[in-house]
Amino acid sequence: MNTHTSTAFLALVLLVAVERLAELAVARRNTAWSRAHGGVEHGRGHYPVMVVLHTALLAGCAVEPWAADRPFVPALGWTMLALTAAAQALRWWCIVTLGPRWNTRVVVVPGLPLVAAGPYRWLRHPNYAAVVVEGFALPLVYSAWVTALTFTALNLVLLGVRIRCEESALAVGAGSAGRPANAVR
């Protein structure tokens, strides 16, 4: 394991962890806004699982390359770094587009129209697309393929639960006000 590239990769993982903490700060502020506007949280049961899974992704990225003596493969690493950066850009585009409606939890403010701007013009759940890409790309920057495969498989199961929860919450929110509502995506 090359010390220079492994240090750079650990710095990248730490930057992603800091970015996640920034997301949580935004989410906390947005939760307060949503609740002040009548927002109702749905799917609390799966949220702790999501937190553990995403924390495990970062831990796996930090540990697997060192523990399994993974190499840095430039063609793979640089490509996956570009995908990781693209996923981060897409995630923040979602956050900016949804404004105070964006959240890490499923919180629906009844009566708000669905957002059809930004990446929501093309995808129903662009934030989840960003999570999927980041989940396999970040570990593969440094050949952590076990972390990439494990996170991706578990995340797909979790996203199935999460998307069903969100779609159900949106339907409830729309029914309570007679028009579509919005939640995190």
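Keep in mind that the model is predicted. Phenylalanine 72 is partly exposed, at 22% relative accessible area. The ring centres of phenylalanine 72 and tryptophan 78 sit 5.8 Å apart with the planes at 85°, so this pair goes down as edge-to-face.

## The other rings

The aromatic pairs come to 4 in total. One of them joins phenylalanine 9 and tyrosine 142, and here the geometry is tilted: 5.5 Å from centre to centre, with 35° between the planes. Phenylalanine 9 belongs to helix α1 while tyrosine 142 sits in the loop between α4 and α5 (145-177), so the contact ties together parts that are 133 residues apart in sequence. Both of these residues, phenylalanine 9 and tyrosine 142, are buried.

## Arginine 91 and its two glutamates

Now for the salt bridges, of which the whole structure has 10. Glutamate 23 and arginine 91 make one of them, at 2.5 Å from N to O. Glutamate 23 is in helix α1 (residues 3-36) and arginine 91 is in helix α3 (residues 74-98), so this bridge ties together parts 68 residues apart in sequence. Glutamate 23 is buried at 7% relative accessible area, and arginine 91 is buried too, at 1%.

Arginine 91 also meets glutamate 134 in a salt bridge, this time at 2.8 Å from N to O. Glutamate 134 sits in helix α4 (residues 126-140) and arginine 91 in helix α3, so the pair ties together parts 43 residues apart in sequence. Like arginine 91, glutamate 134 is buried. Zoom out and these contacts belong to a network of salt bridges that links Glu19, Arg20, Glu23, Arg91 and Glu134.

Glutamate 41 and arginine 44 form another salt bridge, with their closest N and O atoms 3.2 Å apart.

Notes. Residues are numbered from 1 along each chain as its sequence is written. This is a predicted model: local features need pLDDT of at least 70, side-chain atom pairs count only at pLDDT 80 or more; totals for chains, interfaces and linings use all residues. Side-chain values use heavy atoms; hydrogens and water are left out. A salt bridge is a side-chain nitrogen of Lys or Arg within 4 Å of a carboxyl oxygen of Asp or Glu. Helices (H or I, at least four residues) and strands (E, at least two) are DSSP runs, numbered from the N terminus. Buried means under 20% relative accessible area, exposed over 50%, partly exposed in between (1.4 Å probe, protein chains only). Rings of Phe, Tyr and Trp (its six-membered ring) pair if their centres lie within 6.5 Å; planes under 30 degrees apart count as stacked, over 60 as edge-to-face and the rest as tilted.
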